[in-house]
Amino acid sequence: MKIIGIEHIGIAVEDLNSSSSFWGDILRIVHTHTESVETESVNTKIYDTGKGKIELLDSLDETSPVRKFIQKRGPGIHHICLEVEDINIAIKELKESGIEVLSDFPRVGAEGYKIVFIHPKSTGGVLVELAEKPA
Ligand code: CMX
């Protein structure tokens, strides 16, 4: 498996609009994308530093993992996302190493990336997302 770099840091927030002014207005990181990702039950606003993105996340509905996370732990860093060259190879190799990958096949996430998550119990307490850029 080849890790290309840190694609983004995902931050769970109560409300996208009220949380975005720090990143956009104060730090003046360029806002590049807003999307509702129904497969993940999240709304996202993406800020791109040019060397890694900040992905703000709030809940799209009651089933959202972000809602559960905030209820248990409060707002804050929810996951880190590593860009991989080939996500299917990554999933296969991780599973062979006994790592708890949360699905056997990638899903399509924000910006059309193919994504998969690794359970925090396999990583030392950090939810890790792997993402392959769309062709
Ligand atoms: N970071 C670190 N630890 C986390 C975590 C997170 N984001 N979310 C849960 N945990 C920990 C909990 O603290 C708990 O630990 P303890 O057992 O020590 O208390 C354990 O994992 C189980 O947590 P839970 O609250 O019972 O939550 P679930 O098991 O129901 O779900 C997880 C946890 C990771 C499997 C689920 O959140 C998931 O499938 N996540 C992947 C999908 C996702 O998060 N999508 C939203 C982002 C989408 C996007 O970026 O596009």
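**View 1. Met-1 lies in the segment before β1 (3–12).** Strands (E, at least two residues) and helices (H or I, at least four) are DSSP runs numbered from the N terminus. This is a predicted model, in which local features need pLDDT of at least 70 and side-chain atom pairs pLDDT 80 or more, while totals for chains, interfaces and linings use all residues. Residues are numbered from 1 along each chain as its sequence is written, and side-chain values use heavy atoms, leaving out hydrogens and water. With a relative accessible area of 42%, Met-1 is partly exposed (between buried, under 20%, and exposed, over 50%; 1.4 Å probe, protein chains only).

View 2. Polar contacts here are pairs of N or O atoms within 3.5 Å. A ligand oxygen is 2.7 Å from a side-chain N or O atom of Lys-68, and a ligand oxygen is 3.1 Å from such an atom of Lys-72. At His-78, a polar backbone atom is 2.9 Å from a ligand nitrogen. On its own the ligand has 970 Å² of accessible area, of which the protein covers 72% (Shrake-Rupley method, 1.4 Å probe).

**View 3. Take a look inside the largest nonpolar core, with 11 residues.** Its members, including Leu-82, Ile-91, Val-116 and Leu-130, are buried nonpolar residues joined through side-chain atoms within 4.5 Å. At least two residues each come from β5 (76–84), α3 (87–96), β7 (114–118) and β8 (128–132). The most come from α3, which supplies 4.

How values were computed
Polar contact = N/O pair within 3.5 Å; in protein donor to acceptor, adjacent residues only side chain to side chain.
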